[in-house]
Amino acid sequence: MQIRFAFMFKIFISLAPYLTYIYLKNNYIRKVLIYKIMILRSAIFFTSIFGLINLTIAQTGAVKGKIIDKETGEALPFANVVVQMDGAQKGGSSTDFDGEYTIKPLAPGKYDLLVSFVGYTSYMSKGVLIKADQTTYLNVPLLTEGISLDEVVVVEYVVPLIDPDNKTGGTVT
């Protein structure tokens, strides 16, 4: 029995470096597989998160255009542009120096576009269709509004003899 044990022990000792190498190699392979699985899971997670973000952002549209004077063709800077749906304002903007405007993001649907500018008639376009991932272009020509003014009476200011703030009774000159 001792001989067998001694023989088995000798064989085990002689094979120990190989068994240790096999164990370490398998442990290394296990670690590499765990890291690869973690990287793959992280990649899948971040891809799905960014995909969901893109899907939610991608479901909006925009309206863009230029506001001009119908008679002269000149751009109208700082005109007010409002987008409404069912009477509720959903977005708005002012035109830039070139008379151009952009309103975004807008959920897909039908909107009313109201354009106003001092000295011009207001313009409303009903049923403007906004589609997902698309920009709707709408250029608006405005007509000048003829305003008749009433007579203006100019009266010269007269300095009062007694100053209401000064209670001392002195005369104002």
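The model is predicted, so local features are reported only at pLDDT of at least 70 and side-chain atom pairs only at pLDDT 80 or more, while totals for chains, interfaces and linings use all residues. Residues are numbered from 1 along each chain as its sequence is written, and side-chain values use heavy atoms, with hydrogens and water left out.

Strands here are DSSP runs of E with at least two residues, and they are numbered from the N terminus. Two strands are said to pair if DSSP finds at least two bridges between them. In this sense, four strands form an open sheet in the order β3-β2-β5-β6, with antiparallel pairing. At its edges are β3 and β6 (123-130), each of which pairs on one side only. Neighbouring strands of the sheet are turned by 25° against each other on average, direction ignored; the axes behind this value are lines fitted to C-alpha atoms, and angles run from 0 to 180 degrees between N-to-C directions.

Strand β2 has two partners to follow. Six bridges join β2 to β3 in an antiparallel manner, and V82 has G92 in β3 as its bridge partner.

What lies between β2 and β3? These two strands form a hairpin with two residues between them, and D86 in the turn has a positive phi of about 55°. D86 is not a glycine, and most residues other than glycine have a negative phi. With a relative accessibility of 77%, D86 counts as exposed (exposed means over 50% relative accessible area, buried under 20% and partly exposed in between, using a 1.4 Å probe and protein chains only).

P105 belongs to strand β4 (residues 100-106). For context, most peptide bonds are trans.

The aromatic rings come next. Rings of Phe, Tyr and Trp (its six-membered ring) pair if their centres lie within 6.5 Å; planes under 30 degrees apart count as stacked, over 60 as edge-to-face and the rest as tilted. A search of the whole structure finds two aromatic pairs. In one of them, the rings of F78 and F97 have centres 5.2 Å apart and planes at 80°, so this pair is edge-to-face. The pair links distant parts of the chain, 19 residues apart, with F97 in the loop between β3 and β4. F97 is exposed, at a relative accessible area of 68%. F117 and Y120 form a tilted pair, with 5.5 Å from centre to centre and 40° between the planes. Of its members, F117 is partly exposed at 23%, whereas Y120 is buried at 14%.

Leaving aside neighbours within four places in sequence, L113 is in contact with residues including V63, V81, Y101, S125 and V140. S125, in strand β6, is buried at 14% relative accessibility. Residues up to four places away in sequence not counted, S125 touches Y111, D112, L113 and L138.

Notes
Contact means heavy atoms within 4.5 Å.
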